[in-house]
Amino acid sequence: MTEEKKVLRRKALARWLKESILRLGPTFIKAGQQFSTRVDILAQEYVDQLSELQDQVPPFPSETAVSIVEQEIGAHVDDIFDWFDLEPIAAASLGQVHRAKLKGQEVVIKVQRPGLKELFDIDLKNLRVIAEYLQKVDPKSDGAKRDWVAIYDECASVLYQEIDYMKEATNAELFARNFKDMDYVKVPRIYWEYTTPQILTMEYVPGIKINKIQALDQLGVDRKRLGRYAVESYLEQILSHGFFHADPHPGNIAVDDVNGGRLIFYDFGMMGSISSNIREGLLEAFYGIYEKDPDKVLQAMIQMGVLVPTGDMTAVRRTAQFFLNSFEERLAAQRKEREVATTELGFKKPLTKAEKIEKKKQRLAEIGEDLLAIAADQPFRFPATFTFVVRSFSVLDGIGKGLDPRFDITEIAKPYALELLRFREAGVEVVLKDFRKRWDRQSRAFYNLFRQVDRVEKLAETIERLEQGDLKLRVRTLESERAFQRVAAVQKTVGSAVAAGSLINLATILYLNSIRVPAVAAYVICAFFSFQVLLGIIKVKKLDQRERLITGTA
């Protein structure tokens with residue numbers, strides 16, 4: 001197949017995907033918007049089609065929109081506005097937007113689609129069934145124990161809040177207050193007297209969608225700086241405010257040329273909140289990374305509920321230490337690169353495919369044993385609160401890579417985090433916290449001074465019990481565990497092969513003797529065991545491949 005035919009086929013499939021999502025309704029349009037920024041995952045043809053889900057969803061009739069506005073405000077449109085544009089300027093999954101003039105000021109009126117709650121009730125009921133199924137079948141082989149039902153509940157809660165425009169107006173005002181001192185963020189002003197649960201009236205602030213690269217270049221703004229602004233604004237929302245925009249697709253972020261390029265945020269229906277203990281945990285994690293202290297990082301993860309302490313945390317600690325060392329080496333390499341070439345902060349030269357594979361092999365060879373131990377113990381959790389945090393940064397990463405292929409979200413976050421840490425180091429809170437830690441340490445030392453005799457006696461008792469055989473030590477050998485796992489897979493495969501061979505012989509003999517029904521039954525059971533043999537062979541090959549990766553012989 002030629003490249004032109006491949007492109008045409010992708011375009012046709014992308015159109016079919018977009019039309020299917022539109023038919024499925026608002027809930028699935030939201031999912032499509034999530035992937036519309038992933039230029040690094042999807043082909044451009046899919047991105048182009050899914051991008052239309054951001055603000056080019058087919059609108060509902062303008063007469064219906066006017067009727068909703070008049071019903072909600074309780075007056076005729078001509079009596080309220082100087083003029084009202086019947087043609088919507090944008091239509092999204094939950095509503096559409098009309099321009100108007102109110103007392104000499106240009107405004108936009110966001111009108112909710114009729115019957116949204118009923119649609120949500122049906123779609124979310126089906127999605128809950130999927131979440132419950134994932135809860136049962138998720139193998140959790142990456143060491144993280146996800147609560148799919150809790151994630152669903154979080155998503156459902158946020159979606160139901162999104163169809164209350166009074167709540168959205170409150171969110172917009174809080175968001176604006178949080179960024180009142182930052183000149184690179186703009187939030188439209190709310191007109192409360194013309195806002196109800198189904199219509200939202202706000203200031204008209206035009207801009208160019210953040211993924212319209214050619215239009216941004218014509219506007220004359222710095223795309224690299226816009227990428228940094230987007231990431232820094234989210235770090236500010238999450239770490240400082242604890243209140244963040246949970247739906248940052250390009251239809252909700254625009255750019256104008258004020259102050260050399262300013263981010264305009266729209267649509268504050270889907271917002272996320274982070275509790276103070278999680279924010280404190282994130283800051284402590286940053287602080288641990290800054291000090292290259294794996295124990296501090298792990299303690300912060302425990303505080304956030306991401307990590308549950310298990311009996312043996314050695315593998316987790318060694319893995320954390322490895323990644324801290326890798327992070328430091330990466331920063332050193334980037335500093336060296338900046339010395340020999342002029343590079344922009346936050347942007348790096350992408351690795352080739354061969355370099356990525358080699359890097360993965362090296363990483364697995366160094367910490368493969370520990371990763372397997374982590375996968376077996378499953379000490380990690382995925383709190384539902386993090387669902388929208390991860391989603392937001394995933395979308396931002398896609399936007400950033402669209403603005404510049406060398407975009408690196410971790411490099412942009414580093415100077416912001418360091419500035420935040422320096423601010424913390426100078427604060428009274430840190431001094432008091434350090435004093436409390438020192439006081440607690442001295443108190444424990446004073447307490448332990450009088451407990452040493454008891455502890456020595458207890459240690460002697462433990463040693464005596466070991467000598468008598470009352471206590472047993474369990475030594476975990478990961479190499480043996482993997483070997484036993486392979487042996488078990490081979491034994492199961494051989495057993496299935498023997499059963500399949502016996503059954504096919506039996507079935508053939510029965511068939512030749514015209515005993516048809518038992519023969520067919522034997523053939524069916526033989527097919528089942530043959531399928532088990534195939535699965536067993538694939539599993540053994542995967543185990544061998546994993547062993548080669550871990551030992552660095554792949």
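This is a predicted model: local features need pLDDT of at least 70, side-chain atom pairs count only at pLDDT 80 or more; totals for chains, interfaces and linings use all residues.
**Entry: Glu45 and Arg10**

I looked up the salt bridge in which the side chains of Glu45 and Arg10 meet, at 3.1 Å from N to O. The pair links distant parts of the chain, with Glu45 in helix H3 (residues 44-55) and Arg10 in helix H1 (residues 3-24), 35 residues apart. Glu45 counts as buried at 13% relative accessibility, whereas Arg10 is partly exposed with a relative accessible area of 24%. Here buried means under 20% relative accessible area, exposed over 50% and partly exposed in between, with a 1.4 Å probe and protein chains only.

I then turned to Lys110, whose side chain meets that of Glu168 in a salt bridge of 3.0 Å, N to O. Glu168 lies in helix H8 (residues 165-178) and Lys110 in strand E4 (residues 105-112), so this pair ties together parts that are 58 residues apart in sequence. Asp267 also forms a salt bridge with Lys110, and there the closest N and O atoms are 3.2 Å apart. Asp267 sits in the loop between strand E11 (262-265) and strand E12 (271-273), 157 residues from Lys110 in E4. I noted that both Glu168 and Lys110 are buried, and that Asp267 is buried as well. Salt bridges with shared partners join Lys110, Glu168 and Asp267 into one network.

**Entry: helix H8**

Since Glu168 lies in H8, I checked that helix next. H8 has 14 residues and reaches 20 Å from its first C-alpha to its last, close to the 20 Å expected at 1.5 Å a residue, where the expected span is 1.5 Å times one less than the number of residues. Tyr165, Glu168, Ala169, Asn171, Ala172 and Phe175 are buried in H8. Seen down the axis of H8, its buried residues fall within an arc of 160 degrees (taken from the directions from the helix axis to the C-beta atoms), so they line one face of the helix. At the start of H8, I found a side-chain oxygen of Asp164 within 3.2 Å of the backbone nitrogen of Met166.

**Entry: an open sheet**

I looked up the sheet that four strands form in the order E6-E11-E10-E8, which is open and mixed in its pairing. Strand E6 (185-186) and strand E8 (208-209) stand at the edges with a single partner strand each, so one side of each is left without a neighbour in the sheet. Two strands pair if DSSP finds at least two bridges between them, and E8 pairs with strand E10 (residues 253-256) in the antiparallel sense over two bridges. In this pairing, Ile208 stands opposite Val255 in E10.

**Entry: aromatic rings**

Rings of Phe, Tyr and Trp (its six-membered ring) pair if their centres lie within 6.5 Å, with planes under 30 degrees apart counted as stacked, over 60 as edge-to-face and the rest as tilted. By this rule I count seven aromatic pairs. The rings of Phe81 and Tyr194 have centres 6.4 Å apart and planes at 45 degrees, so this pair is tilted. Phe81 and Tyr194 are both buried. Tyr184 and Tyr229 form a stacked pair, 4.3 Å centre to centre with 10 degrees between the planes. That pair links distant parts of the chain, Tyr184 being in the loop between H8 and E6 and Tyr229 in helix H10 (residues 223-241), 45 residues apart. Tyr184 counts as buried at 13% relative accessibility, and Tyr229 does so at 17%. Finally, I noted that ring pairs link Phe175, Phe179, Phe265 and Phe268 into a cluster; of these, Phe175 is among the buried residues of H8.

How values were computed. Residues are numbered from 1 along each chain as its sequence is written. Side-chain values use heavy atoms; hydrogens and water are left out. A salt bridge is a side-chain nitrogen of Lys or Arg within 4 Å of a carboxyl oxygen of Asp or Glu. A polar contact is a pair of N or O atoms within 3.5 Å; within protein, one must be able to donate a hydrogen and the other to accept it, and residues adjacent in sequence count only if both atoms are side-chain atoms.
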